[in-house]
Amino acid sequence: MPNLTLANLIEQVREEIYSLKLDLNFRDGDSTDTRNSTSPLDSISITTQINKAQAIAAASFRYTMTEGTVTLVANQREYDLPTGCFDVLSVWNSSGYRLRQTTLSGLDHREPKWRSVAAGTPYRYYLVGGRKIGFDVPPSGSGTITIKYLIDPTALSALADTLGYIPLVYEPLIVWGAAMICADMDAANEYAQKRKQMIAERYQALGNELRVLMEDKYERDDDASYVPVRTGAQAEKGQSR
């Protein structure tokens, strides 16, 4: 079954809006995309809320996992992260070994002369302001590094656009998320706020299920120590690289 289109999502958000009984100027019947800009809940405005909802869901439930490569240059320590990357999950070299995450402060504290170490094979990485990735040690030659990371979801604009990354069964998260954002436009509406709480409980339960599903697909580098990674046969033998 194909993913829902933006047109499908708009109509489903409208159904949720009706259930909330929002006291807002809502224009019905613009599914042909007449794009009336005078209403806070026309198709353009609902599209904005849908895009906000998928950005929030991606950050909260971490389902936009992808991977890319960085081309290494001899003696170059730092590189730009892939476009759209907002969180690095793990980093691997071309031999299939996983690099250990560290931090600049950790390196400076524990190994003050680390920047003067001769180029070789990188075995640790660090992140610089969420924009760059650096390696300890810098590579002595060319090569590639694979990065598994989370990416910002692509904003929907055309009515035929579909959501990316998220499995179809979890797409209600985007509909419910957009509806809750719309409910916040009518904060004084007691019924809408009670109904929103019911939606929020469904949203959190389904989102947590999605998060667990995604965590089974990757191991996150949560330990930002400076200790080198142990991988493969070395990990089995308890040896450190």
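**Overall fold and selected local features of the predicted model**

Of the 241 residues of the protein, 43% count as buried. The model is a predicted one, and its accessible surface comes to about 12,400 Å². Carbon and sulfur atoms account for 50% of that surface. The secondary structure consists of six helices and seven strands. Read from the N terminus on, these elements follow the order α-α-β-β-β-β-α-β-β-β-α-α-α. Contacts that reach across the sequence are also found: among contacts between residues at least 6 apart, 72% join residues at least 24 apart. Thr154 and Gln54 are 100 residues apart along the chain, and their C-alpha atoms are separated by 8.9 Å. Thr154 belongs to the loop between strand S7 (143-151) and helix H4 (172-183), and with a relative accessibility of 61% Thr154 counts as exposed.

Charged side chains come next. Side chains of opposite charge can pair when their charged atoms come close. The structure holds eight salt bridges. One of them joins Asp136 and Arg124, with an N to O distance of 2.3 Å. This pair links distant parts of the chain, since Asp136 sits in strand S6 (residues 132-136) and Arg124 in strand S5 (residues 124-128), twelve residues apart. Both Asp136 and Arg124 are buried. The two also take part in a network of salt bridges that includes Glu111.

Two further salt bridges may be followed in the structure. Asp108 and Arg115 meet through their side chains at 2.7 Å, N to O. Asp108 is partly exposed, at 33% relative accessible area. The other pair is Glu190 and Lys194, whose closest N and O atoms are 3.3 Å apart. Why are Glu190 and Lys194 separated by about one helical turn? The reason is that they are four residues apart in helix H5 (residues 190-215). Glu190 counts as exposed at 56% relative accessibility, and Lys194 counts as exposed at 54%.

Arg77 is buried yet has no salt bridge. The nearest side chain of opposite charge belongs to Asp136, 4.4 Å away; a salt bridge would need a nitrogen and a carboxyl oxygen within 4 Å. The side chain of Arg77 does reach the backbone oxygen of Arg115, at 3.2 Å. Leaving aside neighbours within four places in sequence, the residues in contact with Arg77 include Trp114, Tyr126, Phe135 and Pro138. Asp136 and Val137 are also among the contacts of Arg77.

Thr64 lies in the loop between helix H2 (43-61) and S1. Its relative accessible area is 0%, so Thr64 is buried. A polar atom of the Thr64 side chain lies 2.6 Å from the backbone oxygen of Ile151. Not counting residues up to four places away in sequence, Thr64 touches Ala58, Phe86, Tyr149, Leu150, Ile151, Pro153 and Tyr165.

The backbone itself has a few points to look at. Most residues other than glycine have a negative phi, and most peptide bonds are trans. Against this background, the peptide bond from Asp136 to Val137 is cis, with omega near 5°. Val137 is placed in the loop between S6 and S7. Asn75 has a positive phi, near 70°, in a residue other than glycine. Asn75 lies in the loop between S1 and S2 and counts as exposed, at 59% relative accessibility. Tyr165, which is not a glycine, likewise has a positive phi, of about 75°. Tyr165 is found in the loop between S7 and H4 and is partly exposed, with a relative accessible area of 41%.

The cysteines complete the picture. A disulfide is a covalent bond between the sulfur atoms of two cysteines. How many disulfides does the model contain? The count comes to zero. Cys85 is buried at a relative accessible area of 11%, and Cys182 counts as buried at 0%.

How values were computed. Residues are numbered from 1 along each chain as its sequence is written. This is a predicted model: local features need pLDDT of at least 70, side-chain atom pairs count only at pLDDT 80 or more; totals for chains, interfaces and linings use all residues. Side-chain values use heavy atoms; hydrogens and water are left out. A disulfide is a pair of cysteine sulfur atoms within 2.5 Å. Buried means under 20% relative accessible area, exposed over 50%, partly exposed in between (1.4 Å probe, protein chains only). Helices (H or I, at least four residues) and strands (E, at least two) are DSSP runs, numbered from the N terminus. Lys and Arg count as positive and Asp and Glu as negative; His and the chain ends are not counted. A polar contact is a pair of N or O atoms within 3.5 Å; within protein, one must be able to donate a hydrogen and the other to accept it, and residues adjacent in sequence count only if both atoms are side-chain atoms. Contact means heavy atoms within 4.5 Å. Accessible areas come from the Shrake-Rupley method with a 1.4 Å probe; for residues, only the protein chains shown count as cover.
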